[in-house]
Amino acid sequence: MIPDDIRGYAELKSYGRVPIAGGEHEFTSYGVRDMLEARAVDILQVDTNRVGGSARQKNLGDGRSVFRSCDSACGQMHNYHVVMASLNSPMAEFFPPVDVEVGNELFWYIFDGEPRAKDGFIDLDDHVPGFGLTINEERIKQFQIIE
């Protein structure tokens, strides 16, 4: 399905056969709003990095009755915190560490503290500040930063 085909999502949802998830490729809160107003999805699956950050994603998901839940679509520590802080977010995507290619994989190499799944769940440590991540100074030297 084409990510910005909101009418198509709404039509597919109208068949009522399976819950429809979408929104991962919305890059603004306006696109998410359009999906919500069209009642195009049962599960809003937004990416914190794309919709304006943790606070924006939490605000999009809290108190909405037009969809069943708001799931975080990108793994990573900041997304897990949004899910844990939201009543309407039962789960988040989780990606196990892999070799660096492009994109999110870099996250595992430059930060320490990312949780590892055990039996299908992750735990966040309440005893560390912020998101619980620290920069790995040795590993970051392996990468060239281009401005």
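Biologist: How many helices and strands are there in the protein chain?
Modeller: The protein chain has 7 helices and 5 strands, counted as DSSP runs from the N terminus (helices H or I, at least four residues; strands E, at least two). This is a predicted model, where local features need pLDDT of at least 70, side-chain atom pairs count only at pLDDT 80 or more, and totals for chains, interfaces and linings use all residues. Residues are numbered from 1 along each chain as its sequence is written, and side-chain values use heavy atoms, without hydrogens and water.

Biologist: What share of the residues is buried?
Modeller: Of the 147 residues, 37% are buried, meaning under 20% relative accessible area, with exposed over 50% and partly exposed in between (1.4 Å probe, protein chains only).

Biologist: Which residues are buried in α1?
Modeller: Ile6, Gly8 and Tyr9. Seen down the axis of α1, they fall within an arc of 160°, so they line one face of the helix; the arc is taken from the directions from the helix axis to the C-beta atoms.

Biologist: And what does the face turned away carry?
Modeller: The exposed residues Arg7 and Ser14.

Biologist: What covers the buried residues of α1?
Modeller: The cover includes β1 (21–22) and α2, going by contact, that is, heavy atoms within 4.5 Å.

Biologist: Switching to Met35, what is in contact with that residue?
Modeller: Leaving aside neighbours within four places in sequence, Met35 is in contact with Ile6, Tyr9, Gly22, Gly23, Glu26, Ala40 and Val41.

Biologist: Last one: what follows α1?
Modeller: Gly16, with a positive phi near 65°.
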